[in-house]
Amino acid sequence: MATHAAGATSDGVEPLTKLKAWQALQTHYEQVGALHLRKLFADDPGRGERMTAEAAGLFLDYSKNRITGETVKLLVQLAEESGLRPRIDAMFRGEKINVTEKRAVLHVALRAPAGASIMVDGEDVVPQVHAVLDKMADFSNRVRSGEWKGSTGKPVRNIVNIGIGGSDLGPVMAYEALRHYSEREMTFRFVSNVDGTDFAEAVYGLDPAETLFIVSSKTFTTLETMTNAHSARAWSLAGLAGDEKSVARHFVAVSTNAADVAKFGIDTANMFGFWDWVGGRYSMDSAIGLSTMLAIGPDNFRAMLDGFHQMDEHFRTAPFERNLPVLIGLLGIWYTDFFGSQTVAVLPYEQYLKRFPAYLQQLTMESNGKHVTLDGDAVSYPTGPVYWGEPGTNGQHSFYQLIHQGTRIIPCDFIAFAQPLNSLGRHHDILMANVFAQSEALAFGKTSEQVKAEGTPDWLVPHRVFEGNRPSNTILAGQLTPGTLGKLVALYEHSVFTQGTVWQINSFDQWGVELGKVLAQRIVPELENRTEPTLSHDSSTNNLIRRYRKLKE
């Protein structure tokens with residue numbers, strides 16, 4: 001990174017609130033912030049056609065946002081003044097833009113085509129990526145065909161992925177999203193929580209002789225993952241007559257710690273590696289996706305990677321005013337920093353995407369939940385909002401009430417597909433009617449005059465008024481395929497990058513997860529010791545530990 005001038009960030013960019021575009025947006029917000037979408041659409045009949053963008057088979061309608069053409073112009077100017085373009089180029093070149101950990105940020109290399117070249121510390125990493133992919137494909141083909149046998153000679157019918165964070169959320173989301181394409185003769189289960197119930201339920205009813213565990217931990221030391229892995233080892237051995245050699249036929253590892261993998265009993269030939277330039281929440285298309293490849297097969301997995309790559313190239317090359325990730329990221333900044341919105345609802349109208357909002361929670365909040373800039377200065381503006389959501393139409397019968405008539409502005413991302421994967425009578429047309437109706441209702445609402453015109457008694461009118469002016473994006477695609485999933489994930493990855501760049505924060509570290517983990521390691525022996533420990537926590541924590549020990553007895 002270049003040495004920075006006084007008052008500027010390490011990239012030579014002025015502090016965010018000093019940028020001309022930021023200050024212009026503040027003035028602009030005072031002028032347009034109260035405008036209603038009813039007026040914006042009435043004054044501009046072509047708005048719904050013009051405020052759209054399309055790339056890689058994804059269509060974005062952002063016309064139902066509380067913006068004008070000038071808003072978009074100023075937001076794009078903000079991105080430019082924030083140095084977004086050179087920072088994109090730096091990421092794709094493999095520069096170490098994760099400054100606190102001195103690492104490159106190269107999830108884009110995981111889906112680069114063979115023949116591409118991306119250098120890290122003077123070494124082209126693309127051949128390494130494809131070597132691991134080829135190894136994963138060979139292993140997946142052997143397991144899926146029945147060639148790979150367990151220790152008793154039975155083929156593997158059950159896959160249990162053990163991981164946590166990005167080593168779990170990505171694989172779980174991808175499996176659920178692509179279940180339509182999965183090998184239905186195999187069972188896939190996932191264990192992440194150190195709560196013993198998670199493991200107990202994951203292996204319930206499984207035959208150890210037909211079960212393969214994937215232990216996903218880069219260091220092979222993650223407390224939750226290794227606790228579950230050792231329980232899995234004990235469960236497997238108990239069902240296989242205690243044969244220690246069976247571990248090598250029923251366990252594989254996604255890790256870089258060959259010594260501890262071998263000590264566990266796993267053949268290091270069945271260890272699949274990845275690199276320190278792959279952050280956990282950006283790793284579902286690395287070897288962390290081994291369970292995904294086992295489920296959907298190598299060809300579908302590579303189609304997913306191609307979808308990622310198509311969106312990568314769009315993000316890297318498209319002008320900001322037509323760049324889907326940039327537009328979505330900038331609109332998020334508009335609501336977070338100028339309207340004071342604190343959450344974003346992601347609402348997929350596709351049951352297979354039921355875990356997609358949970359996946360985005362880690363991607364967005366672990367990335368941009370930061371309180372200091374790249375230079376360590378306290379930020380003076382809000383950063384990462386809370387992401388949440390559920391599939392439609394389920395959400396309509398629970399939390400949509402708050403979005404429509406509550407006191408908070410909650411920007412929404414609707415995600416929908418023109419072609420269903422399971423065609424069943426009128427279902428899909430009814431589903432899609434709800435997508436379009438919800439975004440319309442949020443935008444335009446229902447006035448008191450309209451309610452009265454329906455013959456509603458005066459006393460009831462206020463309860464049935466919808467203020468409207470609630471912003472939303474709608475993302476449409478043809479069908480949920482492996483390639484489409486890759487495009488959607490990359491879309492949000494790069495929108496997170498856009499926001500982090502403008503906010504001048506590091507979207508690629510996660511120091512916030514460390515303190516609780518360190519304290520837990522200290523408390524574990526205080527809970528397990530038979531003798532009463534000497535406690536030196538605060539009075540609340542000390543009291544809780546003593547109460548737990550008493551209740552445990």
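Author: Let's start in the sheet, where strand 5 and strand 7 pair in the parallel sense over five bridges. Strands here are DSSP runs of E with at least two residues, helices are runs of H or I with at least four residues, and both are numbered from the N terminus. Two strands pair if DSSP finds at least two bridges between them. As an example of who faces whom, Val160 stands opposite Phe213 in strand 7.

A word on where this comes from: this is a predicted model, in which local features need pLDDT of at least 70 and side-chain atom pairs count only at pLDDT 80 or more, while totals for chains, interfaces and linings use all residues. Residues are numbered from 1 along each chain as its sequence is written, and side-chain values use heavy atoms, with hydrogens and water left out.

Now stay with strand 5, which covers residues 158–162 and has five of its five residues buried. Buried means under 20% relative accessible area, exposed means over 50%, and partly exposed is in between, using a 1.4 Å probe and protein chains only. Asn158, Val160 and Ile162 point one way from the strand, Ile159 and Asn161 point the other way, and all are buried. Strand 5 also pairs with strand 6 (residues 187–191), again in the parallel sense and over five bridges. There, the bridge partner of Ile159 in strand 6 is Phe188. To get from strand 5 to strand 6, the chain passes through helix 7 (residues 166–177), and this β-α-β crossover is right-handed. That label applies if, with the strands pointing away from the viewer, the path from the first strand over the helix to the second runs clockwise.

Move across to strand 7 (residues 211–216), which pairs with strand 8 in the parallel sense over four bridges. Here Ile214 has Val252 of strand 8 as its bridge partner. Strand 8 spans residues 251–254 and is covered on both faces: Phe251 and Ala253 on one side, and Val252 and Val254 on the other, are all buried. Strand 8 and strand 9 (residues 271–272) pair in the parallel sense over two bridges, and Val254 has Phe272 of strand 9 as its bridge partner. The chain runs from strand 8 through helix 11 (residues 258–264) to strand 9, which makes another right-handed β-α-β crossover.

Put together, the five strands form an open sheet in the order 6-5-7-8-9, with parallel pairing. Strand 6 and strand 9 stand at the edges with a single partner strand each, so one side of each has no neighbour in the sheet. Helix 7 packs on the sheet, touching strand 5, strand 6 and strand 7, and its direction makes about 150° with that of strand 6. Helix 9 (residues 223–239) packs on the sheet too, touching strand 5, strand 6, strand 7 and strand 8, and its direction makes about 160° with that of strand 7. Contact means heavy atoms within 4.5 Å. The angles, from 0 to 180 degrees, are taken between N-to-C directions of axes fitted to C-alpha atoms, for helices over the stretch in contact.

The charged end of Arg233 sits over the ring of Phe264, 5.6 Å from its centre. For this, NZ of Lys or CZ of Arg must be within 6 Å of the ring centre and within 35 degrees of the ring normal. Arg249 likewise lies over the face of Trp148, at 3.9 Å from the ring centre.

Finally, look at the aromatic rings: the structure holds 24 aromatic pairs. Rings of Phe, Tyr and Trp (its six-membered ring) pair if their centres lie within 6.5 Å, and planes under 30 degrees apart count as stacked, over 60 as edge-to-face and the rest as tilted. Trp275 and Trp277 have ring centres 4.9 Å apart and planes at 0°, so this pair is stacked. Both Trp275 and Trp277 are buried. Trp388 and Phe399 have ring centres 4.7 Å apart and planes at 70°, so that pair is edge-to-face. Trp388 and Phe399 are buried as well.
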